[in-house]
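Me: I have a model open and want to learn how to read it. Can we go feature by feature?

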Amino acid sequence: MVNFTVITLFPAMFASSLAHSIIKKAQEKGILSLSFVNPRDYAIGRHRVTDDYPYGGGQGMVMKPEPLVAAIEAAKSNLPHSEVILLSPRGRVFNQEWAARLAKKEGLILVCGRYEGMDERVRAFGDEELSIGDYTLSGGEPAASVVIDAVTRLIPGVLGNETSAEEDSFSEGVLEYPQYTRPEEFRGMKVPEVLLSGNHAEIARWRRKQSLGRTWLQRPDLLQSRSLSVTDQQLLKEFMQEYARKPAGNG
Ligand code: 4FV
C-alpha cells in the first residue's frame, strides 16, 4: 500500500488526471491512497498569502516557507514515516529505477512548487529533490502526476496481466521492442514475418535484438551505462550489420 500526499495550492488540477485508469483501480483495490494538503489552509492573515516578493529583487514571486512547512508537517503527522520529495528542476532527474524504489515506500509526500519556486529554507524539510526533466513547468503539479503514475504502475497488484511492468521500457535499462497488432498489412506496411511464425524462441530473439538495436540507435547513452552479455553483444552486432545493409531512409 502506498499513501501519496500531495502538497499543492491547486488540488483540483489532479481531479481529472488521477481519476482514471490504473490509478483509480488501484485506489478502489486499496493498494493506493491519495490525499491533498493545501498550503493556503496554513497561511496566516486576512488574505492568507502563500507567496511574496523575492529578497534582493527580481522577477516573479516566491512561495513563503511558513505555509509550506506547516503543510509538510501536517502531512507527516498523518504518516510519520513518509518520504518528503520536493519537485523542482534542481532535483535529480526521475527514472524507472527511482520509480521502482518509491513503489516500495509506505508514504510519499510530494511538494509542488509554484511561481518562481519555494523559499530556499523549505529544502531543510525535504528528503529528496526530484525533477522530471530539464525544462521549466508553471508548477510542480504536472511533475507530481508523472511520479504518481510511474510509481503506481510498479506497485504489486496494480497491473493486471494485460500489461506487465517487467516488459516496460527502461525496466531493464533498454528501450522496448516494436509492437504490432492487426491488421497484418497497413498502408503497405507489413507485420514482421517472425511475429506471425508462432516460433516463440525466434520471436523472443527478434524482440531482444530490436530492443538492443533501437537503444543503440535512439539512446546510446543507456548502453554506455551497462555491460552486455555475449548473446546480447552478438544480437546487437547482427542488428548493426542488418541496419548498415538497409538502404538509407527506411530505418
Ligand atoms: C519542475 C521540473 C519544474 C519550477 C518553478 C515550478 C517549476 C515552478 N518540477 N521537474 N522540471 N517546476 O519545472 O519538477 O515553481
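Reply: Start with the domains. Their bounds come from an automatic or database domain assignment. One caution: this is a predicted model.

Me: Into which domains is the protein divided?

Reply: There are domain 1, residues 2-152, and domain 2, residues 172-245. The C-alpha centres of domain 1 and domain 2 lie 38 Å apart.

Me: Next, the sheet. How do I read strand pairing?

Reply: Strands of a sheet pair through backbone hydrogen bonds, either parallel or antiparallel. Here 5 strands form an open sheet, and the pairing is parallel. The order is β2-β1-β6-β5-β7.

Me: Which strands stand at the edges?

Reply: β2 (32-37) and β7 (128-131) do. Each has a single partner strand, so one side of each is left without a neighbour in the sheet. On average, neighbouring strands of this sheet are turned by 35° against each other, direction ignored.

Me: How many bridges join β1 to β2, and which residue is the partner of V2?

Reply: 6 bridges join β1 to β2, and the two run parallel. The bridge partner of V2 is L32, in β2. β1 also runs parallel to β6, joined by 5 bridges. There, F4 stands opposite L108 of β6.

Me: And what pairs with β6 besides β1?

Reply: β5 (residues 83-93) pairs with β6 (residues 107-112) in the parallel sense, over 5 bridges. V84 stands opposite I109 in β6. A helix packs on this sheet too: α5 (residues 141-152) touches β1 (2-7), β2, β5, β6 and β7. The direction of α5 makes about 160° with that of β6.

Me: Now burial. How do I judge a whole strand?

Reply: Go residue by residue, then by face. Buried means under 20% relative accessible area. In β1, 6 of the 6 residues are buried, so the strand is largely enclosed by the rest of the structure. Both faces of β1 are covered. V2, F4 and V6 are buried on one side, and N3, T5 and I7 on the other.

Me: Is E83 buried or exposed, and what does E83 touch?

Reply: E83 lies in strand β5. E83 is buried, because its relative accessible area is 9%, under the 20% cut-off. Leaving out residues up to four places away in sequence, E83 touches R101, L102, K105, G107, L108, I109, D127 and E128.

Me: On to salt bridges. What is the idea, and how many are there?

Reply: Side chains of opposite charge can pair when their charged atoms come close. The count here comes to 17 salt bridges. Look at each pair with its accessibility.

Me: Which salt bridge does D221 form?

Reply: D221 forms one with R219, the closest N and O atoms being 2.7 Å apart. D221 is partly exposed, at 37% relative accessible area. R219 is partly exposed as well, at 30%.

Me: What about a buried pair?

Reply: Take R208 and D232, whose side chains meet in a salt bridge at 2.8 Å, N to O. R208 lies in helix α6 (residues 200-218) and D232 in helix α8 (residues 230-245), so the pair ties together parts that are 24 residues apart in sequence. R208 counts as buried at 19% relative accessibility. D232 counts as buried at 8%.

Me: Which residues are linked in a network of salt bridges?

Reply: R90, E120, R123 and E129 are linked in that way.

Me: Last, a helix. What should I check?

Reply: Check span and buried residues. An α-helix has 3.6 residues a turn, so residues three or four places apart point the same way. Now take α6. With 19 residues, α6 reaches 26 Å from its first C-alpha to its last, close to the 27 Å expected at 1.5 Å a residue.

Me: Which residues of α6 are buried, and what covers them?

Reply: The buried residues are I203, W206, R208, K209, Q210, S211, L212, G213 and T215. Their cover includes α7 (220-224) and α8. R208 in this list is the salt-bridge partner of D232.

Notes. Residues numbered from 1 in each chain as written. Predicted model: local features only at pLDDT ≥ 70, side-chain atom pairs only at ≥ 80, totals over all residues. Heavy atoms only, no water. Pairing = 2+ DSSP bridges. Helix = DSSP H or I, 4+ residues; strand = E, 2+ residues; numbered from the N terminus. Axes fitted to C-alpha atoms, helices over the stretch in contact; angles between N-to-C directions. Contact = heavy atoms within 4.5 Å. Salt bridge = Lys/Arg side-chain N within 4 Å of Asp/Glu carboxyl O. Buried < 20%, exposed > 50% of the residue type's maximum accessible area, 1.4 Å probe, protein only. Expected span 1.5 Å × (residues − 1).
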